[in-house]
Amino acid sequence: MTNSQREEEWAEWMRRALSGDRQAYHRFLEAVVPHLRAMARRRAQQFGAPVSEAEDIVQEVLLAVHLKRGTWDPARPIGPWLSAIVRNKMIDSLRRRGRHVDVPIEDVMATLQAEDRTDATDRLDVEHLLNRLKDPQRDIVRSISIKGESIRETAARLKMSEGAVRVALHRALKSLAALYRSETREDR
């Protein structure tokens, strides 16, 4: 299967998912994770970040895909949309760690035109999952992944070390992924 055929299959699953087909959404997520992981590793190498950050980025990308799936234009290819999310999450991660990153405007042109079509259902889904986390994990995910605060800011506010916040964020994202998987299995 060529890259374009694979991306068209993903796009079809996402179109069906946007129409309410949970099985298609589950297939989409399972299919894109290896691709996202490879992209995150490449981006880490490209930006000089430790490759070990790639898995954290993948977890953040999956959460962003879930939250922002309504922003994808079904008439456009899905590959560039996914690439933009990976790139943005990598940049966010580097900035949280105090690294300055310059990104050429050409790399973000496609994302500047996207409409925010997130609906209330997406926000309710996210809140439902977040409410199942324990504090301080819930607060850490909201602060870093949703509000865009840095690890340093979050650590200072919660009176935790930056390392403890990173570990809690990683564990929280893994828990969210497991919660999401268990809920999508129940809906099948």
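Me: Is the crossing of H7 and H8 left-handed or right-handed?
Reply: In this predicted model, the axes of helix H7 (residues 137-146) and helix H8 (residues 151-158) come within 9 Å and cross at roughly 145°. The crossing of these helices is right-handed.

Me: Which residues of H8 make the contact with H7?
Reply: The contact has 4 nonpolar, 2 polar and 2 charged residues. On the H7 side stand Asp-139, Ile-140, Ser-143 and Ile-144. From H8 come Ile-151, Thr-154, Arg-157 and Leu-158.

Me: How many helices and how many strands are there in the chain?
Reply: Read along the sequence, the pattern of the chain is α-α-α-α-α-α-α-α-α. The count is 9 helices and 0 strands.

Me: Does Gln-59 count as buried or exposed?
Reply: Gln-59 belongs to helix H3 (residues 54-68). Its relative accessibility is 11%, and the cut-off for buried is under 20%. Gln-59 therefore counts as buried.

Me: Which residues does Gln-59 touch, not counting residues up to four places away in sequence?
Reply: Gln-59 and Ala-172 are 113 residues apart in sequence, with 9.7 Å from C-alpha to C-alpha. Leaving out residues up to four places away in sequence, Gln-59 touches Leu-173, Lys-174 and Ala-177.

Me: Among contacts between residues at least 6 apart in sequence, what percentage join residues at least 24 apart?
Reply: The chain has 188 residues, and buried residues make up 43% of them. For contacts between residues at least 6 apart in sequence, the share joining residues at least 24 apart is 65%.

Technical notes
Residues numbered from 1 in each chain as written. Predicted model: local features only at pLDDT ≥ 70, side-chain atom pairs only at ≥ 80, totals over all residues. Heavy atoms only, no water. Helix = DSSP H or I, 4+ residues; strand = E, 2+ residues; numbered from the N terminus. Buried < 20%, exposed > 50% of the residue type's maximum accessible area, 1.4 Å probe, protein only. Contact = heavy atoms within 4.5 Å. Axes fitted to C-alpha atoms, helices over the stretch in contact; angles between N-to-C directions. Left-handed = near helix turned anticlockwise from the far one by under 90°. Nonpolar A, V, L, I, M, F, W, Y, C, P; charged D, E, K, R; others polar.
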